[in-house]
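User: Hello! Could you walk me through how the helices pack in this model?

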Amino acid sequence: GPAFLSQVTTNGALYPAAALAIVLPLFLPIAVAVVAGDAVAGEAQQGTLRYLLVRPVGRTRLLVAKLVSVVVYVLVAVAAVGGIAYVVGTRLFGTAPLPTLSGGEPLTPREAALRMVVAALFVAVSMLGVAAFALFFSTLTDSPLAATLGALAVLVTSQVLDLLEAAGAVRPYLPTHYWLAFVDLFRNPVLWRDIERGLALQAVYVGVLLLASWAHFQTKDVVS
C-alpha cells in the first residue's frame, strides 16, 4: 500500500487509513454487495415481495426504502472500520504529528483526524457504487447470491483491467480505479484531482444504475 502507511506502528492516527486500505479491495465490497444484493432479490426469494407490493406501497417507495437501508449500512460499516481502528491505534501507539506524503509540514492530530473523516466519506461514496451494482442486479433476479456474485464479478473484472497496460484507455472509467485516491488527502497541499474524478465517476455509476434499477423494477413481473 501507500508508503506512509508503514509508519502505522509509530503513529496510531494512521490506523483508520491503514484499515480502510486493507478492507477496501475485497472485504468491504463483499459485505456491501451481500447486503445490497439481498435488498430486493431476498424478498423475492422468501416470497414476501408480492405481499409487500399488495399493500398500498408503491414500487418507487419500496425501492427508495431499500436504498436508504443500504446507504445507512454503508455509512455504519465504514464508520465502524475507521472508528475502531482509530481507538485501537491511538491506545496502542498514541498520536503524533502526521508526516505528509509530499514532505510538507506535518499534520497535527486534529488535522489528521479531519482528513481521516473525509477519507472515510470518500470510501463510503466508493462503496455506494458497489451497492448500486448489487441493487441493480437484485432487481434482475430472485436470487440474492446471483445478485451479489454479479456485482462482485464486475468489480473483479474492473480490478483486473486496472492492472493491464492494454486497458489503459478505459482505466479512468473503471469503477475501482480511484478507490485508493483518498491517500492524496494526506499530502500538503491536498491533491484533489483524482479525488474529484473518483467522486464524479461514482456519481455517474450510482445515478445510471439507480435509474436502471427503478426502470426495471417498475415493470418487473413479481410472481414470488
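Predicted model: local features only at pLDDT ≥ 70, side-chain atom pairs only at ≥ 80, totals over all residues.

User: In which hand does H4 pass H7, left-handed or right-handed?

Analyst: Residues are numbered from 1 along each chain as its sequence is written, and side-chain values use heavy atoms, with hydrogens and water left out. A crossing is left-handed if the near helix is turned anticlockwise from the far one by less than a right angle, and right-handed if clockwise. For H4 passing H7, the crossing is right-handed.

User: At what angle do H4 and H7 pack, and how far apart are their axes?

Analyst: Axes are lines fitted to C-alpha atoms, for helices over the stretch in contact, and angles run from 0 to 180 degrees between N-to-C directions. Angles under 35 degrees count as roughly parallel, over 145 as roughly antiparallel, 65 to 115 as roughly perpendicular and the rest as oblique. H4 and H7 are therefore oblique to each other. Their angle is about 140 degrees, and their axes are 10 Å apart.

User: Which residues of H7 meet H4?

Analyst: Contact here means heavy atoms within 4.5 Å. From H4 come Arg 59, Thr 60, Leu 62, Leu 63 and Leu 67. Their partners in H7 are Leu 210, Ser 213, Trp 214, Phe 217, Gln 218 and Thr 219.

User: How far apart are the axes of H1 and H4?

Analyst: H1 covers residues 15-23 and H4 covers residues 59-93, and they pack at an angle of about 135 degrees. H1 and H4 are therefore oblique to each other, and H1 passes H4 in a right-handed crossing. Their axes lie 7 Å apart.

User: Is Thr 176 buried or exposed?

Analyst: Thr 176 sits in the loop between H6 and H7. Beyond residues up to four places away in sequence, Thr 176 touches Leu 155, Ser 158, Gln 159 and Asp 162. With a relative accessible area of 7%, Thr 176 is buried.

Note on methods
Helix = DSSP H or I, 4+ residues; strand = E, 2+ residues; numbered from the N terminus. Buried < 20%, exposed > 50% of the residue type's maximum accessible area, 1.4 Å probe, protein only.
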